[in-house]
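Hi,

Here is the structure I promised to pass on.

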Amino acid sequence: MAARRPLIGITVGGTGAPGQRARYGTDQAYVRSIQDAGGNAVLLPPRSAAASVMLLESLDALLLTGGSDVDPATYGAERRPETDAPDPIRDAAEIAMIRRAIRVHMPVAAICRGQQVLNVALGGDLFQDIVAEGASAERHDVRDNGRGQIIHPVDVEAGSWLADTTRARSLRVNSLHHQAVRRVARGLRVSATSPDGIIEGLESPDGRVVAVQSHPEELGGEAWARRFFRGFVSAARG
């Protein structure tokens, strides 16, 4: 008998340049990664917090995707000039879904912005720009040769879900972000860091909530990235 294909909710944001018709969307790579790992994808456009939480009732797991910067007001900071204009509806919807998913022990995976909004939802905060705020001398928003370009290694903590699932203590990753986790929220622990000390992975102690700052959906040629999605879908199935 074939394994059940769990329903994975995938968050989406607004797309389109100013003056164009407003759209919701996300990279197809997220959907393909979930489907290739044995899940079925359900796209979740941002709605009110209450309506977004209701959508979780029919799902087995939640995947938080990349996108624009989290509004600094959500963690009590003033917006710096390097930070994107806020998207308060998306922020509120995702924060509400994260908190509800964790309360009901639903598996959660978070990628790039997803890791950042996860940390904020649970009480942590962010560097709004890692270079401008002195967290690193190196730019991490590097896409000169495409979103799948390998930029740097990541050191993975022994005994973490990320290490056990990817079967690796060092990962080759792409890097498409200028913000990063600063103060880690209670209930999360660091699972990976870059050579310059930027937090590249977070997870809950039980491994039901996992996050990476890189974009594994763009790294199908890397064994660790495929194992990441297979491990997440397996948790959703269970």
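Below is what I found in it, going from the whole chain down to single residues.

One thing to keep in mind: this is a predicted model.

**The chain as a whole**

The chain holds six helices and 15 strands. A compact globule of 238 residues would have a radius of gyration near 18 Å, and the chain comes in at 17 Å, which agrees. Along the principal axes, the C-alpha atoms fill a box of roughly 55 × 40 × 35 Å.

As for burial, 51% of the 238 residues count as buried. The accessible surface is about 10800 Å², and carbon and sulfur atoms account for 49% of that. If you take the contacts between residues at least 6 apart in sequence, 68% of them join residues at least 24 apart. On the charge side, there are 28 positive and 28 negative charges, and their mean positions are 7 Å apart.

In soluble globular proteins, nonpolar side chains tend to be buried together. Here, the largest nonpolar core has 30 residues, and those with the most contacts inside it are I34, L63, L162, L171 and F228. Helix α6 gives the largest share of this core, with seven residues. There is also a second, separate core of 26 residues, which includes Y75, V117, L188 and L202.

If you want a way into the largest core, I'd start with L63, one of the residues with the most contacts inside it. L63 sits in strand β5, residues 61-64, and counts as buried because its relative accessibility is 0%, with the cut-off at under 20%. What does L63 touch, leaving aside its neighbours within four places in sequence? The list is I8, G9, I10, T11, Y30, I34, A109, I111 and F232. For G9, the C-alpha atom is 5.9 Å from that of L63, although the two are 54 residues apart along the chain.

Y30 and I34, both contacts of L63, are also among the buried residues of helix α1 (residues 28-36), together with A29, V31 and S33. An α-helix has 3.6 residues a turn, so residues three or four places apart point the same way. The buried residues of α1 pack against four strands and a helix: β1 (7-11), β4 (40-44), β5, β6 (108-111) and α6 (223-237). Just after α1 comes G38, with a positive phi of about 105 degrees.

Most residues other than glycine have a negative phi. Which way does C112 go, positive or negative? C112 has a positive phi of about 55 degrees although it is not a glycine. You'll find C112 in the loop between β6 and α4, and at 7% relative accessibility it counts as buried.

R113 belongs to helix α4 (residues 113-121). Is R113 buried or exposed? R113 is buried, with a relative accessible area of 1%. Beyond residues up to four places away in sequence, R113 touches T65, G66, G67, S68, D69, V70, R90, D91 and E94.

H105 is another non-glycine residue with a positive phi, about 65 degrees. H105 lies in the loop between α3 (88-103) and β6, and with a relative accessible area of 55% H105 is exposed, whereas C112 is buried.

P72 is in the loop between β5 and α3, yet P72 is buried, at a relative accessible area of 1%. Not counting residues up to four places away in sequence, P72 touches A77, E78, R79, T83 and Q128. The C-alpha atoms of P72 and P107, 35 residues apart along the chain, are separated by 26 Å.

S48 is in the loop between β4 and α2 (49-55). S48 is partly exposed, with a relative accessible area of 44%. The C-alpha atom of S48 is 7.4 Å from that of A92, 44 residues away along the chain.

That's everything I have for now.

Cheers

How values were computed
Residues are numbered from 1 along each chain as its sequence is written. This is a predicted model: local features need pLDDT of at least 70, side-chain atom pairs count only at pLDDT 80 or more; totals for chains, interfaces and linings use all residues. Side-chain values use heavy atoms; hydrogens and water are left out. Helices (H or I, at least four residues) and strands (E, at least two) are DSSP runs, numbered from the N terminus. The radius of gyration is taken over C-alpha atoms; the globule rule is 2.2 Å times the number of residues to the power 0.38. Buried means under 20% relative accessible area, exposed over 50%, partly exposed in between (1.4 Å probe, protein chains only). Contact means heavy atoms within 4.5 Å. Accessible areas come from the Shrake-Rupley method with a 1.4 Å probe; for residues, only the protein chains shown count as cover. Lys and Arg count as positive and Asp and Glu as negative; His and the chain ends are not counted. The place of a charge is taken as NZ of Lys, CZ of Arg, CG of Asp or CD of Glu. A nonpolar core is a set of buried Ala, Val, Leu, Ile, Met, Phe, Trp, Tyr and Cys residues joined through side-chain atoms within 4.5 Å.
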